[in-house]
Structures are given as C-alpha cells and as structure tokens.
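Please look at the sequence and the model first.

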Amino acid sequence: MRALIVEDEEKLSDIVARGLKAEGFAVDVALNGTDGLEFAMSYDYDVIILDIMLPGTDGTEILSRIRKNNGHVPILMLTAKDTVADKVKHFDAGADDYLTKPFAFAELLMRVRALLKRAPTQRPNIIKIADLEIDRLAHQVKRAGNAIELSTKEYALLEYMAQNCDQVLSRTMIIEHVWDQSFEGITNIVDVYVHQLRNKVDEPYKEKLIKTIRGVGYILNKVGK
Amino acid sequence: MNTRSIYFRLILWCSGLIALVAVLFAAYIYQGLEARLYAEMEQTLKRRAQQIAQNILPQVYQQSPDNIAAAITNVYSPEANNRFIRISRPNSLVYISGLPKDKEFDPHKIPLPSSTIEPRRIAPISPHANMVIVTTVAEIEGILFTIEMGAPTDDINTALHGLVVTLLFGLPVVILVVSLGAYMLLRRAMGPVEDIMSTAEQITFGNLSNRLPVAHTGDVLEHLSVKLNQMLARLEDAYQQASRFSADASHELRTPLAVTHCELESVAQDQQLPEHLRDRIGSVLEETERLSRIAENLLIISRLDAGEVKIEHELYDLATLAKNTAEQISLLAEQKKIKMNITTAIPTPVYGDPAKIKQIVVNLLDNAIKYTPQGGAILLSVYSVQDKAYLEVRDNGIGIAAAELPHIFERFYRADKARSRQGGTGLGLSIVHSICQAHGATVEIESKENKGTTCRIMLPLAEVKK
C-alpha cells in the first residue's frame, strides 16, 4: 500500500507518515502543493491525504487536477476548514472523505482503511470476537452462549466497537457514530455508556474484551492482542 | 410639543423675525400715513383761510358783519361741513361760525391762538376727535386780521383706525403663512435626514454592510451621510476584525493541536512505556482534547455571532426532539441516581434548525445533571402558551447565586469558584445564548441557591394548518 501525504505542516505530515508506516504503508510526503501535484501525477498511489491550504498549488486545485486526469485514487481531505459549504465544495470536486483538524490519528487511520476497502467486502451478519457473538440482523448479543440484554444505545456502541475491533476508538469518533455532533461537548456520556456496557458484557466473565487507553479512547479486542 | 426640537426653534425664530419686521413696517406705514393725512388737511385749511383773506376780508369795512357772515356761509357753509371759521382783529371778533351739524365742538370754547400762523391741534374736543386749526393773518388798512380755519380729525382717525385693524388682522395671517411655509421647507430640507435615520435604525451587527442613502445636496447633509457611511465602514471593519480574530485564533490552533494530539496518542499506545507514564500522557491527552473542544466552541460562537452560520429553517416538533434527546442522555442522570421526568405536549411545532436546538437541549440537560447532586430530580417540559413554544429544564440542584445570574451567559464565566468545571469548556451556556439569538429565540434563567435552577427557552410557535 502506497500513500501520499501533502501537508505543509512538517510536524503533522511527519507524524501521519510515521503512523501510516507503522501500519505497513509506503509513504511519500510533499510539503507544498507544487511537489504534491507532481508526486500525484507521477506515481500510482493507493490513497492520498491532502491538506487544503498549501503553499504553491492549493489542495482544491490539486484535487480537481487529479480528477480531471481521470485519477480514481481515493483522496482524503485534511483541513482546518470545517464549514458545511467547504465540505460540500470538496466532495463535489471529487474528494472521498473529509477530516477536520484537530483529529485523532486513530480516526485518520480508520478513515484511510475505510477508503481502501470501500468497495467489495461483505460485512458478516454475525461478528465473533472470542466468546462474544453479535447477530447484526436480530440485534442479539451472546457471551459464552448466554444472551445479554442491551438497550438500543448500548447495542449501537457495542456493534460499532466490534465492527472496528482491534482499533482504538476515540470518544469523538464514538459520539459521532453512536450519538451525533450535538453531544460532542459532553464526552463523559461515552464513559458512562462504556461503563454500563462493561457491566453487562465483561463483568461476569474472566476475559475482559473492552479496554481503556487513557486519553485516547476505547478498544475492543481479544486478550493478548 | 418638543420645544427643543430644531423644527420648533427654527419656526419660532423665523416667525418671530417676520413678526418683528411686520410690526416695524406697520409702524412706519402708520406714521407715514398719519403725517400725510395731517399735512393734506392743513394744506386744504390753509388754502381756504387764504381765500377768505383775499376774497372776503377786503370788504370788511364796506359790508355789514351780517353780509360778511352771509358771504362766508354762502361759500363754505362751515356748520353743514363741520368746519370752524373765526375772523378776529385785536380786541374784537369779526366773525365766528356757528355750532356744527354734528355738534362735535363748540366754536366759542376754542381758545384764541397765542402765536400766529403755526397750525394747531386741539385736543380733545370730543371723546373721539381732535381738531386741526390753521391760522392765517392778513393786513387790511393797517389793521391785522387773524383768520382761523379748523376741522375735526375724525376722517384721519377713521382712516388710521382702519389701517390698524387691517394690520392687526393681517399680522397673524402673515405669521401663520410664514410658519407653515417654514415647516414645509424644513420638512423638505430634513427629508434626507429622516431617510438616514430610518435606515440607520435598521442597521445591526447582522447587516453592517448596509449603507445610508446619500443626499446629493452638495452641502452639510451630503457630508453628514458620507461621513456616517465612512464611520459605518470603519465599524464594519472593526467588527469583522474582532469576529475574524476569534475565528482565526481558534482556526490557527487546530494544526498545532492536531500535531500534539497525534504525537501523544502514539506515545500513549506504546506498550513498552511504563504504566504510570502512560497514565500521565493520557491525562495530558484529555486536556488536549478539552483544549480542542474549547477552540471548536469558540469558533462556533464567533461564527454564530458574526451571522456566518446559515440557520436551517424547517418545521419540526420541539416536543419529540426534546424527548428523544433526553432519552439519549438519560443514562448520565441514572448514573447519579437523578430522576429525570419529561412532560411534553406533542406536537409543539416550531420552525428552525433542529440540530442547533438539539444542541441547546443537550447543553441544558448536561448542565442540570452536572449541578444536581445524587438523588435529585430534573424536569424537562415542552409546552406552548398562545403563539409561543417553551422548552424548560428545571432542576433541584445547587442553584446559582443572584449576583452571578447576570453573568452566566458570558464566555468562560464560572458561576461559583466551588463548582468544578468537570471537564467542561465554560462555553455551554454561551453557545445556548448565541444559538437562541441567531434563532430569534429568547433564553431566561431563574435560580435560587441550594433550591435549583430553571432554564426556559422561548420560540415562536409555528402555525400548523389543520
């Protein structure tokens, strides 16, 4: 997998590059728009992460040049501009996703992965993690064969975590998926729900699946992973 | 009536001046006319006296006194014409006219002239009239005869009285016409000022780019509107700079925050790091996240205040929205064993941006839960009175001191030092306030310390066709 990062903030491009490399990507970094456009036109990338405000050619211009050249590479816009009008403008110009600064790297990674496997993968109707079993059609949850009763929100939270098992999910990501942006200010709502979920899913069992990574968020995975 | 208004003062000055000029003019006319009428009368009388001296007096020695009298009566008939004629010589009377027809004066009571020739005015011979008497001397055969010719000034007085009456009636009319004219002229002259005023009245921070109409009069009015417009431009600049500043500041914070966040995140997930260090990094990360939220909220507020946010205008049910939102947040209350009651009058249709109103509900409920102790109660109600929809969140929590109440919508205001911020941004109520303003809704808070707080949002109720 080859990724191009076009971002003039060197520290930011650096850390994103490191993160992606750790995930097994081959990463190119361009620190200005002119280089970015040249890279994008010269090589075949699997994904491009593109800042909008850039010295030289700006991100919007690069985006439209790539799309005009019939490039189908998935492009994730990374920017401090967050108005709906900005987003719509770039989606219209052919962006595949849009992430607003500041962001959690976990979220960036998740979105990049989502872009890469967007097309075919059939999502299974039953998710199994260790002895936890989630039936997505019936909205039923079993642990070690015992049915667990969950409220709608608890189920939505568990399903979201299970779908993205082995990935750290920040509170912001959880709120945006399980609630909506109105709740963003009160991140402790996530903590309360995760606490409740733990009581039902983890408490009675020896193996704890839901883990806290302080300051970052939550992760659901098998022990020892 | 506003006696200090420029209208009143200008009109007063204008009519005062005109009245003064008119009075002076009238006095001049009166004096001129009076002098002229007297001069004419004296001339006439003098001419007649001289005629008597030339035509009748030379025969004074040849004719009997009766014949002289008959001649005078024949020519002048003084009694019928209300005239006075007397001819005398030293120490004796030659002729005196009889009592006039209207008996206004008694010829015998008129004193003899002390000196000769000068016309005399004798006053008053009746309540209404004076008399003018002209004297002429003629020498006949060495003896000096004095001829007096007199007439009452009734006619002159009548003419002058008529003039006074005319002027007295005319003056108020003139002043009235002048005042009306001045008022109309002023209205015309002030028209552009009124335009400027009514436009200026409509300018708020939401439409600072509007300009006042410029009156192309080439004078002080045009200057005024141009200068006011220049002031508006400077105001707009300053306001834009101020709101741009907070927007830019929060904007500029984003990239460094992103770097910090990502760096710390990767450290926090490093399994080789000792537990206590990871914990500390986590603590820093939590604060970074809070910093991000503060920057985000500031950006939201400055955009709302600058009128940059487009408020959606759709019809929705406030009651359902409040109820669903409360259910989503209810676990937070349950955690603190707070009983959350919901009474809603469904439907309560309102127009607006449901996402923004939802934000209000979330912020208010979050506050209520935060500041209500374990085992307390919260009541969320939605109802309507007449054409207003109300959303009310009432708690029996720690309340807010009366002295703090006026400040609670201020940014970063913390009602009580003892209240921990509990991870909040200090901007929750500011956002509620800004959203309400942008929506044309009002928000009010009542609170008693240790008794509880009630927060009420009032929105215009949508009219639903039945």
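The sections below describe a predicted model, beginning with the interface and then turning to a sheet.

## Extent of the interface

Contact between the two chains involves 39 residues of chain A and 35 residues of chain B. Together the chains bury about 3300 Å², with 58% of this area on carbon and sulfur atoms. A:Pro102, A:Ser182 and A:Arg214 provide 20% of the area that chain A buries against chain B, more than any other three residues.

## Polar and charged contacts

Three salt bridges are found across the interface of chain A and chain B. A:Arg214 forms a salt bridge with B:Asp279, and their closest N and O atoms lie 3.3 Å apart. Between the two chains, ten residue pairs are in polar contact.

## The chain A side

Helices H1 (10-22), H5 (105-116) and H8 (188-201) of chain A are the elements that each give two or more residues to the side touching chain B. The largest share, six residues, comes from H8(A). By class, this side of chain A has 18 nonpolar, ten polar and eleven charged residues.

## A sheet in chain A

Chain A contains an open sheet of five strands with parallel pairing, in the order S2-S1-S3-S4-S5. Its edge strands are S2 (26-30) and S5 (97-100) of chain A, each of which pairs on one side only. On average, neighbouring strands are turned by 20° against each other, direction ignored.

Within chain A, strands S3 (residues 47-51) and S4 (residues 75-79) run parallel and are joined by four bridges. A:Leu50 stands opposite A:Met77 in S4(A). Helix H4 (residues 84-92) of chain A packs on the sheet and touches S4 and S5 of chain A; the direction of H4 makes about 150° with that of S5(A).

Terms used. Residues numbered from 1 in each chain as written. Chains lettered and ligands numbered in written order. Predicted model: local features only at pLDDT ≥ 70, side-chain atom pairs only at ≥ 80, totals over all residues. Heavy atoms only, no water. Contact = heavy atoms within 4.5 Å. Buried area = accessible area lost by both parts, 1.4 Å probe. Salt bridge = Lys/Arg side-chain N within 4 Å of Asp/Glu carboxyl O. Polar contact = N/O pair within 3.5 Å; in protein donor to acceptor, adjacent residues only side chain to side chain. Nonpolar A, V, L, I, M, F, W, Y, C, P; charged D, E, K, R; others polar. Pairing = 2+ DSSP bridges. Axes fitted to C-alpha atoms, helices over the stretch in contact; angles between N-to-C directions.
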